[in-house]
Amino acid sequence: MGLTGIQIFKMLPKTNCGECGVPTCLAFAMNLASGKAELDACPYVSDDAREQLAEASAPPIRPVAIGAGVRAFKVGGETVMYRHEKTFYNPTGLGAMIASDIASEALDKKLKEWNALQYERVGLNLRPEFVALKDVNGDNNTFTALAKKIAEESEFNLVLMSDKAEVLKGAAGACAFKKPLLYAATADNAEEMGTLSKETGLPLAVKADSIDDLIGLSDKLTGMGLKDLVLDSGSREIKQVFEDQVAMRRAALKAGNKSLGFPTISFPCEMAGNLDMETVIASLLIAKYAGIVVLSDFKGESLFPLLVERLNIFTDPQRPMTVTEGIYEIGTPDENSPVLVTTNFSLTYFIVSGEIEGSRVPSWLLIMDTEGLSVMTAWAAGKFSGDIVGMFVKKCGIADKIAHKKIIIPGYAAAISGEMEEELGDWEILIGPRDASLIPKFLKDMA
Ligand code: SF4
């Protein structure tokens, strides 16, 4: 991200045609500089300027897309060392390893169990992304058949692991539609692996024994025309891996080292003897720059905390987390069920919906867009005033679902009840509790 908005502006057509979605070329340049716009949004940039701008605006760590379908993911693309400086963009991919000598029934069982490990949080589906299939016996046909099965019969994406290019070749062909990551080019096989990656167009992991060796290999492969690399510094010792991750990120971001400007992959499964310790290591690596981490297994008690940690670290700290505005059914509410309204700050939503769920009183929960502000803050900012909430209640469609006209507002927003009555006419505005933990009692008393 080398160029300032003004430097970018100088290379734009300056016609202010507005086709990029903002009224002026200067506004577009500013958005481009801050990463809020894509260069492709302007159809009039000259080829020369496009080339210069594309290079200058490319993130120092190349984003690499892996996989296809609902679990496709992107790693890299990061621009800062610390999350509070801006944000981290592409969450660490989570994978589990399967050895290629696994029996077919055991594979089916694992895939079924792993597929079930999905969690709804903050309106998002949290789940792992991939399976790393490791060649343990050089059996090309078996490896290809397993890769095909995982690609075709599960949502998981693949990392295909072998030090033999001929083993990866068959599997890469069989599941190319899932865009697997090939692992790995080393000093011994860089030519063959590089050629395979180039022929198939698939991303390639690069493994060396040190960062210096990694730089050499990375340069060799980019020299062959490869662009989508994922780096493994080779260490399987916690302290060294941690230092490597930090050194590689710093070299790419601060020293502009293009050889190391790629996302990384690391293997807690090869660094510990049990899943608990692997999980601790994985949590360290999620926090410290790993693009991908590979565990030996997915178990709910290990995976869930990692997914939540990842969610927190890769959430933009400058933007509150929100849930979508709308009507949420808690339990199976009917026309007589109570209606509550609150803001779309995700924490508010989850606390309130959790308490309603705990009450076992089926209810309608209206979530109003307050740009992610909590009740008190939104009220103070004029985004949760009586007339605005009243208008939202009218237009959201809840009136078509219920046979009464009562609505419960948060206790902290009691002051808006008068304005709401004016806006809503014949509705009865009930003041709910201030503390969400009192919602169950409140609903049960009402029922
Ligand atoms: Fe300027 Fe291009 Fe945007 Fe038109 S589309 S305003 S030329 S940046």
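Visitor: Which two strands pair in the parallel sense over two bridges?

Guide: Two strands count as paired if DSSP finds at least two bridges between them. Strands are DSSP runs of E with at least two residues, helices are runs of H or I with at least four residues, and both are numbered from the N terminus. Here, β8 (residues 181-185) pairs with β9 (residues 204-207), and Leu 182 has Leu 204 in β9 as its bridge partner. Bear in mind that this is a predicted model: local features need pLDDT of at least 70, side-chain atom pairs count only at pLDDT 80 or more, and totals for chains, interfaces and linings use all residues. Also, residues are numbered from 1 along each chain as its sequence is written, and side-chain values use heavy atoms, with hydrogens and water left out.

Visitor: What pairs with β8 over three bridges?

Guide: That is β7 (residues 157-161), again in the parallel sense. Val 159 has Leu 181 in β8 as its bridge partner.

Visitor: What is the strand order in the open sheet of eight strands?

Guide: Read it as β10-β9-β8-β7-β6-β3-β12-β11, with parallel pairing. The edges are β10 (229-232) and β11 (265-266); each has a single partner strand, so one side of each lacks a neighbour in the sheet.

Visitor: Is β8 buried or exposed?

Guide: Buried means under 20% relative accessible area, exposed means over 50%, and partly exposed lies in between, using a 1.4 Å probe and protein chains only. Five of the five residues of β8 are buried, so the strand is largely enclosed by the rest of the structure. For the protein, 49% of the 447 residues are buried.

Visitor: Which peptide bond is cis?

Guide: Look at the one from Tyr 183 to Ala 184, where omega is near 0°. Ala 184 is in β8.

Visitor: Which residues other than glycine have a positive phi?

Guide: Lys 179 is one of them, with phi near 45°. Lys 179 sits in the loop between α6 (165-174) and β8, and is partly exposed at 24% relative accessible area. Tyr 289 also has a positive phi, about 80°. You'll find Tyr 289 in the loop between α10 (275-287) and β12 (292-295), where Tyr 289 counts as buried at 8% relative accessibility.

Visitor: How many residues of β15 are buried?

Guide: Six of the six in β15 (residues 363-368), so that strand is largely enclosed by the rest of the structure. Ser 363, Leu 365 and Ile 367 point one way, while Trp 364, Leu 366 and Met 368 point the other way.

Visitor: Which strands do five bridges join to β15?

Guide: One is β13 (residues 326-330), which runs antiparallel to β15; Ile 330 has Ser 363 as its bridge partner there. Another is β14 (residues 339-343), which runs parallel to β15, and Thr 343 has Met 368 as its bridge partner.

Visitor: How many cavities of 30 Å³ or more does the structure hold?

Guide: On a 1 Å grid over the protein atoms alone, a cavity is a set of points where a 1.4 Å probe fits but cannot get out; a pocket is an open set with protein on both sides within 12 Å along at least five of seven lines, and lining residues have an atom within 4 Å of a point. Grid points are joined across faces, edges and corners, and a volume is the space filled by probe spheres set on the points. The structure holds three such cavities. The largest has a volume of about 150 Å³, and of its 17 lining residues, the closest to the centre are Glu 78, Arg 249, Pro 263, Tyr 289 and Gly 291. Helix α9 (residues 238-254) gives the largest share of that lining, three residues.

Visitor: Which cavity is the space taken by the ligand?

Guide: A molecule sits in a cavity or pocket if more than half of its atoms lie within 2 Å of its grid points. Here the ligand takes the second largest cavity, with a volume of about 90 Å³. Of the 14 lining residues, Cys 17, Gly 18, Cys 20, Cys 25 and Cys 42 lie nearest the centre.
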